[in-house]
Amino acid sequence: MSRWKLFVPLGLFALVLGLAAYQLNQPKDDRIVSAMVGKPLPEFALPAALNGGQPVTNAMFADGKPRLLNVWASWCLPCIAEAPQLEALDEAGVEIVGVAIRDKPEDIAAFLETHGDPYSSIGADDLSELQLALGSSGVPETFVIDGQGIIRHQHIGDIRSEHVPELLAELREAQE
Amino acid sequence: MIAEIGLASLWLAAVLALLQLAGGVLAFRTDGTGGENPMGMFIRPAAIVQAFFAACSFVALLYVFAVTDLSVKLVAANSHSAKPMIFKLAGSWGNHEGSMLLWVTVMAFSGALIAALERRLPERMMQATLAAQGFVALGFYAFLLFSSNPFERLEVPAPEGMGLNPLLQDIGLALHPPVLYFGYVGLSVAFSFAVGALLTRQVTPEFARVSRPWVLAAWVCLTMGITAGSYWAYYELGWGGWWFWDPVENASLMPWLAATALLHSISVLAARDALRAWTILLGVIAFSMSMLGTFLVRSGILTSVHAFAVDPERGMFILVLLGIYIGGALLLFGLRAGAVAEGERFAATSREGALVVNNVLLSATLGIVLLGTLYPLLTEAFDVRVSVGPNYFNPVSAIFVLPMLVVMAIGPLLRWRRDRLERVMKPLALLTVIGAVVLAIVALVADIAFLPLVGLALAAILAVASFIPLRRRKLTRVPLATWGMVVAHFGIAVALFGMASESAFSSERLAALEVGETAQAGPWRVTLNGVDPVAGPNWTALEGRLAVRAEDASRTSEPIMMAPQSRTFWAPVQQTTESALATRWNGQLYAVLGNQLDDGRWQLRLWWKPFVTFIWYGGLLIAFGGVLSIIGRVRKDLTRRSVRSRLASRRADERALEAAA
Amino acid sequence: MKGFAILLALLAATPSLAQDSMPPAPYAYNQLDDPAQEAEARELMESLRCLTCQSQSIADSDAPMAGDMRHQVRSRIASGEHPEHIRGWMMERYGDYISYEPRMSRTTWPLFAVPLLLILVAGIALSRRLRRSKAEPS
């Protein structure tokens, strides 16, 4: 065996060690990013989540106006945390379309009663079908959809107050 | 007070490990330049006293858990006064700090054992070995004392403990980690021997014989640990799976693969004085895999459940230890292995030849598992996330495992040094026929996937092949170690049969039943007789009463009763499913009680898994074979030693007589 | 062992993730009537990652989203879709991460190259070691 070959194990080990050390010091990013960003919305037609509400379809998004698509649920606690921020976005003139995941009309109504209703319309996604089609992996998540119905941005987790300007900027960008 | 005694003992043990290391280094450096360094004489006593203090420390930990001393942080975080005593004790090692303390305690005991008893090797090599052992131990003591102190007090004692996770309140799991740790420690001893051999440039058959029982013991423990862990995951998690190639599972499989390779190459070194450098390298790799496993599990770097991970600082600590020990040993290997002569030669068709093939293929399998386990980590460095699962591991590892199993059937039939295939033609023909017949029958009768099909055929071949080495031998005179090999190889066949059969023939039935209704699962008819609330010491549960009858049995025949539960623990609050198992000789019926639907029906998950139990029977047989080998080897060593000492004393007597005359 | 990971997941799961009160999707806990289709579905479900539990396949999880994904898989297979097509659909949305069966791509080629390399190295090592020893029997 030639000499250098004896150091091959050490080299391989150093590689593994280096990788492990590097990754250990990286902040762990557990978010699962949707691969749909940049692509058009999938075709869908959700029934209204509230009695007497509007159904939600992908066709709604192709009228030239950017919107937010908020995937949420009344049983989700972080959704309560982001309610004021959605309220603020609504007041800033942003149209927010809601998608309620695995939810009941009475629970939704109660939630909106307590935490405010920023939504222009809410669709019911009882089998998480739209959620899966969007590549979303939890609640809440918020998508920026441009006027042609293209998904421009995905926000994972609840919207904190510092995220509001970011989303507004994304919406402006989608306008152009 | 007890906790402080425990901590003090730990410090003392650490100091003794330092003494053991320092003594070894001094003795090693001055030796050869004239006379022995007096420090050398401290090494063995230091190892023995160190074990005593480590044991004191561990007993102190057991005590604070037994009395649920809630002023100790670890107890408050992991125990609860309402827990059954056995789980209070098990709780002491069911957490990071406690398990590390258990590790060093066992390690100190192994060190004491070799320090007290092992006299076969040259003293210089023993000193180097014990110094290496002290060095490794020192790192773990430092880890405990500086970043994982199990005896840390709370300023204000907690009013009540946080409880132990209910999934861990299980006797199988209570025993599972310590058994794995014993295995890891055994590999650390083999590692120390390998370093000692490298340092003194004495990679001899004697070195192989001395370290072999440790490798064997480690391998037995790893085998049992994996078997138990797999069975635990199978019945506790409630989905009927027994192996998922999860990073944590792989972390326990990798040391086993390395240890298996080491076990075989060390046999070649002991019997034939060949494969010297390779054996040393495997010794280092085996221990590095056990440390890597510990790192992966403890740092949580791979599973996305990083949030729980003991802070990255601890992961970094283990990583630094890993770098020092394994990096150092591999560096030493690179520098020294060139000077280690290759050893005796042998022909391709020989026992050694077969073992070399086994070693290469095992190492390649290890490489695949390592690659698949670490690859997601690599892509994450580039912000891409990938998953590597069974659909990758199964076929890719089969590339190496299947030929290895074939060689495993043939190898033991060959003679050492050189042999001719013609000599073993008859058994080979027999095995080929068996394999072909099983393959043909199974392929005709059932429509199953390729891998299980080949698995069934190979299992049949191996089952027969493992006993062929016994033919034409007087069974009472076959050495115990040979019996060990036969049993262990047969165990592989049994486990393989179980795995193939489970994956080929399992049938699943998901049913929603009203009370009184019946569902069919495989050849069984399962009737839901009722669902009742029951209460345990720290949980309440809904318990399903299932009456199970064979398909062809009459309606009035005595049924098998099964009682799967859906448990709710209250400290901490958590729901678990307790599956119910009905074990028959030819398989297991597995039942899980799910939720109640709005219409009042109950969800049941039922599986009939033919011969699934053979997986774990096989695991036990493999471990038992290892135990037989250890007994055989150690007994042989003891007789050899007593013969030698008798010879020596007779010679001394003769000399005395001559002198007198 | 796998349990260990799940256990960690349980511990890590923030208590803020409340459960919904909806009944599970029709095909979350119900099998397809056709055993061949169910077997296909089962095989696919075992190799798709549960997104909310992260260390389990959707076949082994009680998470509601895993149930919805099982429903999606079963109902599509029932309507005649090919399993690999469904896998492709999922990967289009969630990337390579969702599938436990890595596909050859720009990011995963080493997973397939290294085994080939190992075969090569093992073959060379064996043939050299064994042939040489045959050539010069001691």
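Biologist: How are H9(B) and H10(B) oriented to each other?
Modeller: Keep in mind that this is a predicted model. In it, the axes of H9(B) and H10(B) come within 8 Å and cross at roughly 165°. An angle over 145 degrees counts as roughly antiparallel. So H9(B) and H10(B) are roughly antiparallel to each other.

Biologist: And how many residues of the contact of H9(B) with H10(B) are nonpolar?
Modeller: H9(B) goes past H10(B) in a left-handed crossing. The residues of that contact include six polar and one charged. The nonpolar ones number 19.

Biologist: Let's step back along the chain. How are H8(B) and H9(B) oriented to each other?
Modeller: Helix H8 covers residues 205-236 of chain B, and helix H9 covers residues 247-272 of chain B. Their axes come within 9 Å and cross at roughly 150°. Since angles over 145 degrees count as roughly antiparallel, we get our label from that crossing angle. H8(B) and H9(B) are therefore roughly antiparallel to each other.

Biologist: Which hand does the crossing of H8(B) and H9(B) have?
Modeller: The residues of the contact of H8(B) with H9(B) divide into 17 nonpolar, six polar and two charged. As for the hand, H8(B) passes H9(B) in a crossing that is left-handed.

Biologist: Now for where chain B touches chain A. Which helix gives the largest share of the side of chain B?
Modeller: The contact takes 24 residues from chain B and 17 residues from chain A. On the side of chain B, helix H10 (276-299), helix H11 (312-336) and helix H12 (351-380) each supply at least two residues. That side divides into 15 nonpolar, eight polar and one charged. The largest share is twelve residues, and it comes from H11(B).

Biologist: Over to the strands in chain A. Which strands stand at the edges of the sheet?
Modeller: Five strands of chain A form an open sheet with mixed pairing, in the order S5-S4-S3-S6-S7. The twist averages 20° from one strand to the next. Each edge strand has a single partner strand, so one side of it is left without a neighbour in the sheet. Those edge strands are S5 (119-125) and S7 (151-156) of chain A.

Biologist: What is the bridge partner of Arg67(A) in S6(A)?
Modeller: Strand S3 (residues 67-72) of chain A runs antiparallel to strand S6 (residues 141-145) of chain A, and five bridges join them. In S6(A), the residue paired with Arg67(A) is Ile145(A).

Biologist: Chain B has strands too. How many residues does the hairpin that joins S3(B) to S4(B) go through?
Modeller: Strand S3 (residues 524-535) and strand S4 (residues 539-550) of chain B run antiparallel, joined by eleven bridges. One of the bridge pairs is Leu528(B) with Leu546(B). The hairpin goes from S3(B) to S4(B) through three residues.

Biologist: Which residue in S5(B) is the bridge partner of Leu546(B)?
Modeller: S4(B) also runs antiparallel to strand S6 (residues 565-570) of chain B, with five bridges, and there Ala541(B) stands opposite Arg567(B). Three bridges join S4(B) to strand S5 (residues 560-562) of chain B, again antiparallel. In S5(B), the partner of Leu546(B) is Met562(B).

Biologist: Last one, on chain C. How far apart are the end C-alpha atoms of residues 109-126?
Modeller: An unreviewed UniProt entry lists residues 109-126 of chain C as "transmembrane region". In the model, that span is 100% helix and 0% strand. Its end C-alpha atoms lie apart by 26 Å.

Notes
Residues are numbered from 1 along each chain as its sequence is written. Chains are lettered from A and ligands numbered from 1 in the order in which they are written. This is a predicted model: local features need pLDDT of at least 70, side-chain atom pairs count only at pLDDT 80 or more; totals for chains, interfaces and linings use all residues. Axes are lines fitted to C-alpha atoms, for helices over the stretch in contact, and angles run from 0 to 180 degrees between N-to-C directions. Helices (H or I, at least four residues) and strands (E, at least two) are DSSP runs, numbered from the N terminus. Angles under 35 degrees count as roughly parallel, over 145 as roughly antiparallel, 65 to 115 as roughly perpendicular and the rest as oblique. A crossing is left-handed if the near helix is turned anticlockwise from the far one by less than a right angle, and right-handed if clockwise. Ala, Val, Leu, Ile, Met, Phe, Trp, Tyr, Cys and Pro count as nonpolar, Asp, Glu, Lys and Arg as charged, and the others, Gly among them, as polar. Two strands pair if DSSP finds at least two bridges between them. UniProt positions are given in the numbering used here, feature names are shortened, and annotations may be inferred rather than shown by experiment. Two residues are in contact if their C-beta atoms, placed from the backbone, lie within 7 Å.
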